[in-house]
Amino acid sequence: MKMPNRACTKCGSALSQYNSGSLCAPCSRSDAAPNVPDRAWRDPLVQRALAEWDFGTLLRLLRRRSGLSQMQMRALTGFTQSHISGLENGRKQLGGRDAIIDLLTGLGVPADLRPLLLTPLAGRPQTVVTEALDPAMPWTADRMVTSLEVAVGGPVKRRSVLAALSGSVLTQYILQSAVAPTEALAAETGDGTRVTVPLLESLQSTTNALREMDAASGSGSLAGTAKQQLRVLLGLMKTGTYNDRTGRRLAAVTADTAMQAGWYALDGGNHDAAQRLLLGALRAAHASGDSRLRAGALSFLAIHGYSVGDPRDAVTAARTARQAISDKDAPALHAMLLTRQARGHARLREERHALAALQEAEALCARGAGEDDPHWLYWINPGEILGQRGSAYLEMGKLAEAASTFAQARGVLSQEEVRTRAQFLSRAATAQMRAGDADAGCAIGEEVLMLVNGVHSARLNEHLHSMLHEARQSGDTVATRSFVEHGEGLLRERASA
């Protein structure tokens, strides 16, 4: 019998149905759980089981060669003793998109053995994904450049259908971003521009300026500018001269720029292009060796998942990102990822998990920025967390809670980040109208209409349409008629601009 949805009492992550305890695998390990010694991983039979994804045999061999009991394996993996026994004797199979990631994280696969996990994928036939996007292809710098060249409209080496990734294929991407080795990035024999620290700082400052413009006025025309910036960076990656240190910094700026370009595409309604850019950003972040950038790319993929894709992809991406930065003092980054995870849970109507993730996000946000929090995460604040909580309530149909939370958020949302403020307030208006208070909803809606002048965002337009639809459904009153007339006129102006 399947156990009801439960969350880890320490971090709020969803617990496997096979885990009868109160802690997830990573939290169990933090309480002085035993480790699999390196000597156990050196056994050829262990490595063959890893390469074949034979996780039952892998568990059995590792346990015996480590001298660990099934109860100790339970502490490492979070699985029950009976489930471990079933896996070892072949009566049960490891399933679920998060289970494999949790198991491998719990066992602590050595970095030099992680490429073995790619073995079953190397011979998989090509289907609907281009060579540049196929997760079975090597996670090298050349492959990263190729994938981003395709994403910005560069040449495709062979004809194929570019399909949106989700489900198992996207999970493969996420898994491999965590296990694939990082290669050296030195290009000392390049015949192009020498990549220097001042040049990298200048390129990073341009990406930072675009980010700040987006927060104030939406994606608008930024997508084309970001792609041009990305082409410059890809040109340096291909023909520039740099050592390994500057090469990794170049990859980091490339990842940051690709994330922004992907976000602008998503905000502009170009969902497939957004995903291609974000998948390329994940490769660039991997090449940089910066786990925080990898977490950032996964966070944008999570937004893509809960906004226009599969919410389960959002949960998987956010949880994997948190595991990637588990050794960092980055409370703001963890808080941001928890809000992404919560939104995925909310879309799946997993209320307990969504609220647990939001509660932890609020606690982490209250701690302030940590030593390892990235420079690009300046916008995580109590208003953002409250806005995400209100959005989760709205998606779960908890209208009174949504309206109350958005009311709290209004007082602390940043005045400078106009697009973000308008987006959350449009949801606040929708919540009020759905809850039956049309006048309050129209009053907030009028504030939104005053804010959006000069803000260009397809996602914001979707929220405006939703808000006006709710107003039409709220009854024929003076307030609703006036608001709808004002809003429809504004949308016509925005469409013709």
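A: Let's begin with helices, which are DSSP runs of H or I with at least four residues, while strands are runs of E with at least two; both are numbered from the N terminus. Bear in mind that this is a predicted model, where local features need pLDDT of at least 70 and side-chain atom pairs count only at pLDDT 80 or more, while totals for chains, interfaces and linings use all residues. Residues are numbered from 1 along each chain as its sequence is written, and side-chain values use heavy atoms, with hydrogens and water left out.

Now for the overall picture. The protein chain has 24 helices and 0 strands. Of its 497 residues, 56% count as buried, where buried means under 20% relative accessible area, exposed means over 50%, and partly exposed is in between (1.4 Å probe, protein chains only). The accessible surface of the protein chain comes to about 20400 Å², and carbon and sulfur atoms make up 50% of that. Accessible areas come from the Shrake-Rupley method with a 1.4 Å probe, and for residues only the protein chains shown count as cover.

Let's head inside, starting with one leucine. Leu230 is found in helix 12 (residues 222-239). With a relative accessible area of 0%, Leu230 is buried. What does Leu230 touch, leaving aside its neighbours within four places in sequence? Its partners are Leu148, Val152, Thr254, Thr257, Ala258 and Leu277, with contact meaning heavy atoms within 4.5 Å. Over the whole protein chain, take the contacts between residues at least 6 apart in sequence: 71% of them join residues at least 24 apart.

Next come the nonpolar cores. A nonpolar core is a set of buried Ala, Val, Leu, Ile, Met, Phe, Trp, Tyr and Cys residues joined through side-chain atoms within 4.5 Å. The largest one has 112 residues, and those with the most contacts inside it are Leu250, Leu333, Met336, Leu377, Met467 and Phe483. Helix 13 gives the most to this core, with 12 residues. Another core lies apart from it, with 25 residues that include Leu61, Leu62, Ile100 and Leu113.

Pick out Met336 and look around it. Beyond residues up to four places away in sequence, Met336 touches Ser299, Trp376, Leu377, Trp379 and Ile380. Ser299 sits in helix 15 and is buried, at a relative accessible area of 3%. Apart from its neighbours within four places, Ser299 is in contact with Met336, Leu337 and Arg340.

Now look for aromatic rings. There is 1 aromatic pair in the structure. Its members are Trp263 and Phe300, whose ring centres are 6.1 Å apart and whose planes are at 40°, so the pair is tilted. Rings of Phe, Tyr and Trp (its six-membered ring) pair if their centres lie within 6.5 Å; planes under 30 degrees apart count as stacked, over 60 as edge-to-face and the rest as tilted. Since Trp263 lies in helix 13 (residues 244-267) and Phe300 in helix 15 (residues 291-308), the pair ties together parts that are 37 residues apart in sequence. Both of these residues are buried.

Trp263 leads us to an arginine. Arg419 lies in helix 21 (residues 418-434), and at 6% relative accessibility Arg419 counts as buried. Not counting residues up to four places away, Arg419 touches Trp263, and also Asp214, Ala215, Ala216, Gly218, Ser219, Asp267, Val455 and Ser457.

What about cysteines? A search of the whole structure finds 0 disulfides, a disulfide being a pair of cysteine sulfur atoms within 2.5 Å. Cys365 is buried at 15%, and Cys442 is buried at 4%.

Finally, how far can you trust all this? pLDDT is the predictor's confidence in each residue, from 0 to 100. The mean for the protein chain is 82, and 84% of its residues reach 70 or more. Confidence is highest in helix 17, at 95, and lowest in helix 8 (residues 119-122), at a mean of 53. Over residues 121-133 the pLDDT is below 50, and this stretch has 39 contacts in the model beyond near neighbours in sequence. Residues 156-163 are also below 50, with 18 such contacts. Where pLDDT is low, the predicted coordinates should not be read in detail.
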